Amino acid sequence: MQEVWPGEAYPLGATWDGTGTNFALFSEVAQRVELCLFDDEGRERRIVLPEVDGFVWHGYLPGVGPGQRYGYRVHGPYDPREGHRCNPSKLVLDPYAKAVEGAIRWHESLFSYRFPDPDVLNTDDSAPHMPKNVVVNPFFDWGDDRPPRVPYHESLIYEAHVKGLTRLHPAIPEEQRGTYAGLAHPVMIDHFTDLGVTAVELMPVHQFVPEHALVARGLTNYWGYNTLGYLAPHNAYSSSGQRGEQVLEFKAMVRALHAAGIEVILDVVYNHTAEGDHLGPTLSFRGIDNAAYYRLRDDDKRYHLDYTGCGNSLNVRSPHALQLIMDSLRYWVLEMHVDGFRFDLASALARELHDVDRLAAFFDLVQQDPVVSQVKLIAEPWDVGEGGYQVGNFPPLWTEWNGKYRDTVRDYWRGRPGVLPEFASRLTGSSDLYEHGSRRPFASINFVTCHDGFTLHDLVSYEAKHNEANGEGNRDGSDDNRSWNCGAEGPTSDPAIIELRERQKRNFLTTLFLSQGVPMLSHGDELGRTQRGNNNAYCQDNEISWVDWDGDIAETELEFVRALSRLRRDHPVFRRRRFFTGGAGGPAGDAPDIAWLTPAGEPMTDHDWQAGFAKSLGVFLNGDAITEPDPRGRPIEDDSFLLLFNAHSEPVDFVLPGAEYGERWEFTLDTADPRATGERPRVKARDQVTVADRSLTVLRRVA
């Protein structure tokens with residue numbers, strides 16, 4: 001007979017103390033809560049939690065320890081019109097579980113209604129088709145692990161999918177491919193360090209499940225933006241087991257990356273859960289306390305408010321939902337040692353009522369939290385609701401994915417007229433978006449591609465999406481790709497088109513690495529990864545999405561990215577902490593900190609900026625006029641550079657500016673012919689330099 005002690009209301013979840021486990025579950029509407037323990041054969045034993053304090057049901061079971069599988073059954077009202085959906089025939093997962101074993105096996109019993117009639121209650125037992133929570137051992141030998149704490153302005157972020165990055169890597173043991181262990185394999189750490197990566201931003205690793213409709217089509221939720229457990233690392237990414245081993249493997253991955261000076265940032269999805277809309281399954285939150293965890297319509301609480309396009313929105317007006325988010329964030333920092341978070345559809349978290357409010361309770365909580373406020377916080381500053389596009393409007397503590405940077409840089413290099421003024425702003429840190437809020441250039445996380453949309457190779461190879469494999473008649477995915485196929489749609493054998501595409505990729509990468517702000521590289525772009533024109537590969541857990549390490553990878557392409565990374569790392573003029581002023585500064589000379597030049601080598605005038613046909617300009621970056629000091633308060637001095645941009649379809653002859661900007665220059669980089677850069681003779685003030693069509697030349701001042 002299992003002893004059951006009263007236990008404690010906090011911490012929530014299952015907490016093993018070395019001799020037994022305390023179980024605690026919040027539910028304001030519950031009338032009774034049963035803890036369900038499962039043995040290795042799947043037999044269930046139910047124990048009524050004996051105590052409730054402040055709507056937290058709890059009990060302590062001596063002798064129960066790590067590896068024990070469990071779930072809950074919540075007895076309470078089932079009244080959808082009032083927003084209540086308790087159904088004890090449904091096994092529900094613990095929102096605070098640290099590990100999950102198994103996967104969803106889709107079946108009608110997972111739903112609280114009968115498929116033929118949503119008004120008829122379904123009392124079939126869902127436990128045989130549900131994964132189970134697992135009690136974990138929290139102890140781990142972190143050794144001398146320390147957070148790298150790389151400053152934003154020195155960061156290079158690498159967005160990666162845990163499975164897709166290593167699933168096909170031939171140098172990683174097969175059993176570790178596509179797992180946390182694979183991502184931390186020495187060959188991957190060497191790849192990151194060779195690229196100069198300072199932070200790996202992992203697409204969702206919180207426990208997630210695929211949608212029923214996707215599975216019915218023979219697909220799955222590959223990206224993982226369908227969270228079910230906010231404290232549990234996704235079990236399918238574990239090579240060592242699912243009875244708590246996934247927690248240890250994740251920690252070992254973090255420890256290995258930290259040892260190489262690489263931070264770990266998690267892409268987190270606190271805006272919605274995997275339970276979908278009112279016709280979705282009852283897996284966890286819905287059956288525990290639907291109204292506390294979800295935003296419901298005021299006029300009819302049967303239905304959810306959906307600011308995410310995923311069926312529901314987490315109720316950030318509820319103190320218990322906010323507590324779950326903050327407890328989850330602190331857990332991943334304190335117990336799992338991660339270094340930051342990228343918040344998916346972050347605008348949804350700012351909705352107090354209907355409008356996006358930058359002073360919403362969530363942001364107040366983050367601002368004052370002594371743990372969460374000290375790590376990297378990156379917002380995806382939009383959602384699908386009205387007024388949800390909030391680029392530039394997040395509080396000073398936050399950085400943002402700069403979608404305007406992506407769009408403008410794409411427009412410029414595909415030759416769209418009239419974009420020079422905005423291109424100049426994006427290149428220099430987007431002061432129009434961030435300076436007014438006392439923010440710095442590194443508030444802008446710059447990217448040209450990410451998981452959502454075309455890969456870099458596809459951006460220059462396709463003008464239209466090709467998502468037929470998703471099974472939605474090519475209707476899904478964005479139609480606003482701002483891409484150019486360089487003369488042929490998809491694969492081609494035409495050497496001129498192939499060469500142009502490679503040059504365009506170098507243009508995008510060079511612009512990204514030499515822009516002020518924080519560059520983010522999407523995994524595989526340095527290898528020429530293609531998704532065959534699919535710009536919404538969220539459901540493709542196959543070769544469409546996986547990085548092909550055995551493909552036609554040119555070493556020169558990889559070396560080009562490495563060289564760009566070294567150039568940025570070695571020269572602080574490309575990663576300033578303060579915005580340019582356009583005036584003189586620093587310890588030497590009267591030259592401005594930045595100057596915008598016409599191809600004739602003269603300062604840009606208002607007329608030049610407004611010339612819609614103009615697609616070429618020069619940018620002078622003055623290494624002697626950096627106003628911010630180094631960490632010890634000393635002046636920062638650097639080389640000065642001249643960047644010559646030409647998005648025109650013909651070569652352009654640039655005249656170098658006068659001697660006040662520099663008397664002699666050497667070629668540092670040329671996207672039209674990167675291998676010949678070091679062989680070109682030096683040039684002097686007022687010399688003429690021909691910049692090839694659709695290319696970028698970088699010169700360094702030597703006198």
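Reply: Arg 342 lies over the face of Trp 401, 3.9 Å from the centre of the ring. This is a predicted model, so please read every position here as computed.

With centres within 6.5 Å as the cut-off for a pair, the count comes to 43 aromatic pairs. One of them joins Phe 26 and Tyr 293 edge-to-face, with 6.1 Å from centre to centre and 80 degrees between the planes. This pair links distant parts of the chain: Phe 26 belongs to strand β2 (residues 20–26) and Tyr 293 to helix α6 (residues 285–293), 267 residues apart. Both Phe 26 and Tyr 293 are buried. They also belong to one aromatic cluster, whose members include Tyr 230, Tyr 270, Phe 285, Tyr 294, Phe 341, Phe 343 and Trp 398.

Let's finish with a helix, α5, which covers residues 245–259. Among the buried residues of α5 are Val 247, Phe 250, Val 254 and Leu 257. An α-helix has 3.6 residues a turn, so residues three or four places apart point the same way. Glu 249, Lys 251 and His 258 of α5 are buried too. After α5 comes Gly 261, with a positive phi near 80 degrees.

Notes:
Residues numbered from 1 in each chain as written. Predicted model: local features only at pLDDT ≥ 70, side-chain atom pairs only at ≥ 80, totals over all residues. Heavy atoms only, no water. Helix = DSSP H or I, 4+ residues; strand = E, 2+ residues; numbered from the N terminus. Expected span 1.5 Å × (residues − 1). Buried < 20%, exposed > 50% of the residue type's maximum accessible area, 1.4 Å probe, protein only. Phe/Tyr/Trp six-rings, centres within 6.5 Å; stacked < 30°, edge-to-face > 60°. Lys NZ or Arg CZ within 6 Å of the ring centre and 35° of its normal.
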